[in-house]
Amino acid sequence: MRTPLGKVLGLGAAREGTGHWWSQRVTAVALIPLSFWLVYSLISLAGMEHAAVMGWLQNPLNAVLFVLFLGALFYHSFLGIQVVVEDYVHVTWLKVSLLVFTQFLYFVLAGIGMLVVLRAALVGGSP
């Protein structure tokens with residue numbers, strides 16, 4: 001049972017679920033064209049030398065799209081894991097610990113991935 005105000009505002013019982021839901025959907029929609037771009041790019045780069053791949057990555061458009069892909073991918077994945085932990089872990093201290101650990105882990109992994117891409121794009125890399 002929902003109040004008329006709740007229906008208008010789109011808020012659930014916890015008053016925060018719709019923002020999480022929308023974030024999950026927006027990142028999923030953003031990942032569709034980014035995934036097509038990445039697959040097409042990887043297919044076109046198949047069999048090329050290291051220098052050619054670095055040249056491709058040094059193109060600013062490719063570097064920005066790759067960083068956007070990584071950001072959307074890690075955030076979307078984190079949101080999914082967060083829902084699973086919140087729904088299926090019932091011990092409070094374990095739930096909080098897992099949420100803190102996964103948030104830290106995703107932040108670190110996304111940061112490393114983005115730094116690697118930006119380093120390769122700005123400085124280049126050695127084989």
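What pattern does the protein follow, read along the sequence? In this predicted model, the pattern is α-α-α-α-α.

**Figure 1. The protein as a whole has 5 helices and 0 strands.** Of its 127 residues, 28% are buried. The accessible surface comes to about 9000 Å², and carbon and sulfur atoms account for 74% of that area. Among contacts between residues at least 6 apart in sequence, 71% join residues at least 24 apart.

**Figure 2. Helix H5 covers residues 92–122.** H5 has 31 residues. From its first C-alpha to its last, H5 reaches 44 Å, which is close to the 45 Å expected at 1.5 Å a residue. Glycine 124 follows H5 and has a positive phi, near 90°.

**Figure 3. H5 has buried residues covered by other parts of the protein, including helices H3 and H4.** The buried residues of H5 are Leu99, Thr102, Tyr106, Ala110, Gly113, Val117, Ala120 and Ala121. Helix H3 spans residues 50–57, and helix H4 spans residues 60–88.

**Figure 4. A nonpolar patch lies on the surface.** The patch is formed by Phe101, Phe104, Leu105, Phe107, Val108, Leu109, Ile112 and Val116. Together these residues have about 790 Å² of accessible area.

**Figure 5. Leucine 109 is one of the residues of the nonpolar patch.** Leucine 109 is found in helix H5. Is this residue buried, partly exposed or exposed? Leucine 109 has a relative accessible area of 39%. Buried means under 20% and exposed means over 50%, with partly exposed in between, so leucine 109 is partly exposed.

Definitions and conventions:
Residues numbered from 1 in each chain as written. Predicted model: local features only at pLDDT ≥ 70, side-chain atom pairs only at ≥ 80, totals over all residues. Heavy atoms only, no water. Patch = residues over 30% accessible without salt bridge, like charges linked within 9 Å, V, L, I, M, F, W, Y side chains within 5 Å. Areas by Shrake-Rupley, 256 points an atom, 1.4 Å probe, with all protein chains shown as cover. Salt bridge = Lys/Arg side-chain N within 4 Å of Asp/Glu carboxyl O. Helix = DSSP H or I, 4+ residues; strand = E, 2+ residues; numbered from the N terminus. Buried < 20%, exposed > 50% of the residue type's maximum accessible area, 1.4 Å probe, protein only. Expected span 1.5 Å × (residues − 1). Contact = heavy atoms within 4.5 Å.
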